[in-house]
Amino acid sequence: MIKKNDVITAEIVDYSSDGNGVAKYNDIVIFVPFSAVGDLCDIKIVKVLSGYCFGIIEKIIRPSTDRITPVCPISKQCGGCDFQHISYDAEKKAKENFVRSAFERIGKIKCDVMPTLSCDEYLRYRNKAQFPIQTDENCKASTGFYARRSHRVIKSDDCVLQPVIFNEIASFIVEMLNKYNIKPYDEHTQKGIVRHVYLRKAQVTGQIMLCLVCTQKNFKNRDELIFSVKDKFPEITTIVININNKFTNVVLGKENEVVYGNGKITDFLCGVEIEISPHSFYQVNHDGAEQLYGIAKKSLELTTDDILLDMYCGTGSIGLSMADSIKALVGVEIIPQAVENAKINAEKHGIKNARFICADAKEAANRLLNEGFVPTAVVIDPPRKGCDEDTLNAIIKMSVPKISMISCNPSTAARDCKYLCEHGYDVKFVQPFDMFPRTKHVEAVCLLSKKDK
């Protein structure tokens, strides 16, 4: 019987989908963070639950051949990365196994799961960052990243997943907050001004948006702060104050005030010009997104006779990238700002065969069904929670011949594919794609087709 604080010797034989190594001892599963398959190690048990345990490495007796030295000195403390301690090839293989396991275990589906694809760069790929601002032990503003499962900020001067300039901007803003005595927000007292520094970058144009998440739109020395930042960083083409005065873990509030520029940045994705506002959904890995959407487009084998339904369309980037190959496009998105961006993006490119609906996915699907709208293909890019049954049922009722599902969560993708398979579809293949290198997250493109009667 394993007890807390026991030290046992075991080999790491697998990875769990949350990025932990997996060891087995007397048929009991032990989850061990920052371990690598092939490690033989002494493991200290820190938590015992029914049927499984959590442990930490006390000593590595024989390291895995996949082990490498992390490039980030705080990778074990920060909650951002999970796999900096193993080679990138080993990480991609692990993610392939995550997807295959989900489809076999949850979906009860045996299908072709391809080797994980990725873009060329697995560092500095993020075009979005959210830096929490807190008061440090010296009563000064500081920033970094949240420690795992906490809101304690681990100081960091350089996140290797983000552009160098993001780290420079965040550090400079902290310097100016201290210079102008602008107080960070304290979530315990619910006092203070600045909560987060939120940055977005357009890969192609190089434009940067700075969004300061604050508890109020006007505060002492605000203009001095803004002038200092825009003079220091000409790459910043717009600055927005986002007002969030709620007691919440949600980063952005609903209200924005543009204090410099037009409140948007412009990028190009799959040849389509995209306008991005603070609330717009936009993939954080630009080059990865282009490859991912290309896989989805290729899988559907679209022709000029196809009518495409783009569910959870965001700013329209997926559907608009396919619009030149099809007869008509309908995009569905619940966030009003994103829908407006999608309409503007379509108009800019003279795309006349597209329309966008602002509604919940299931509401829009049923509305289209009642209109008699009959798509020949659907691309679905749902949030991590996946699709609800109403949305899937509407697609099933439309008897859509082919579906390409882009998912950021293999578990919900497997669940939703299982439901579709129970209602007349087959999964043809699943292609894992690593949009978020060095983290536990993996995307997948799943192609489904209507079964022959």
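Of the 81 residues in the largest nonpolar core of the predicted model, L210 and L212 touch the most other members. A nonpolar core is here a set of buried Ala, Val, Leu, Ile, Met, Phe, Trp, Tyr and Cys residues joined through side-chain atoms within 4.5 Å; buried denotes under 20% relative accessible area, exposed over 50% and partly exposed in between, with a 1.4 Å probe and protein chains only. The most is given to this core by α2, with nine residues. Leaving aside neighbours within four places in sequence, L212 is in contact (heavy atoms within 4.5 Å) with I173, H196, V197, L225, I226, V240, I241 and N242. Another core, of 42 residues, lies apart from the largest one and has C111, F373, V378 and Y419 among its members.

The model is a prediction in which local features need pLDDT of at least 70 and side-chain atom pairs count only at pLDDT 80 or more, whereas totals for chains, interfaces and linings use all residues. Residues are numbered from 1 along each chain as its sequence is written, and side-chain values use heavy atoms, with hydrogens and water left out.

An open sheet of mixed pairing is formed by seven strands in the order β10-β9-β8-β11-β12-β13-β14. Its edge strands, β10 (153-155) and β14 (255-260), each pair on one side only, and the twist averages 35° from one strand to the next. Helices (H or I, at least four residues) and strands (E, at least two) are DSSP runs numbered from the N terminus; two strands pair if DSSP finds at least two bridges between them. Strand β13 (residues 236-243) pairs with β14 in the antiparallel sense over five bridges, and I243 stands opposite E255 in β14. Helix α2 (residues 164-179) packs on the sheet, touching β8 (128-135), β9 (141-146), β11 (194-201), β12 and β13. Helix α3 also packs on the sheet, where it touches β12, β13 and β14.

T215 is found in the loop between β12 (208-214) and α3 (222-232). This residue counts as buried because its relative accessibility is 12%. The T215 side chain reaches the backbone oxygen of G192 at 2.8 Å. Apart from neighbours within four places in sequence, T215 is in contact with Y185, G192, I193, R195, I243, N244 and N245.

Overall, the protein chain has nine helices and 23 strands. Buried residues make up 54% of its 453 residues. Among contacts between residues at least 6 apart in sequence, 64% join residues at least 24 apart.

Methods. Polar contact = N/O pair within 3.5 Å; in protein donor to acceptor, adjacent residues only side chain to side chain. Axes fitted to C-alpha atoms, helices over the stretch in contact; angles between N-to-C directions.
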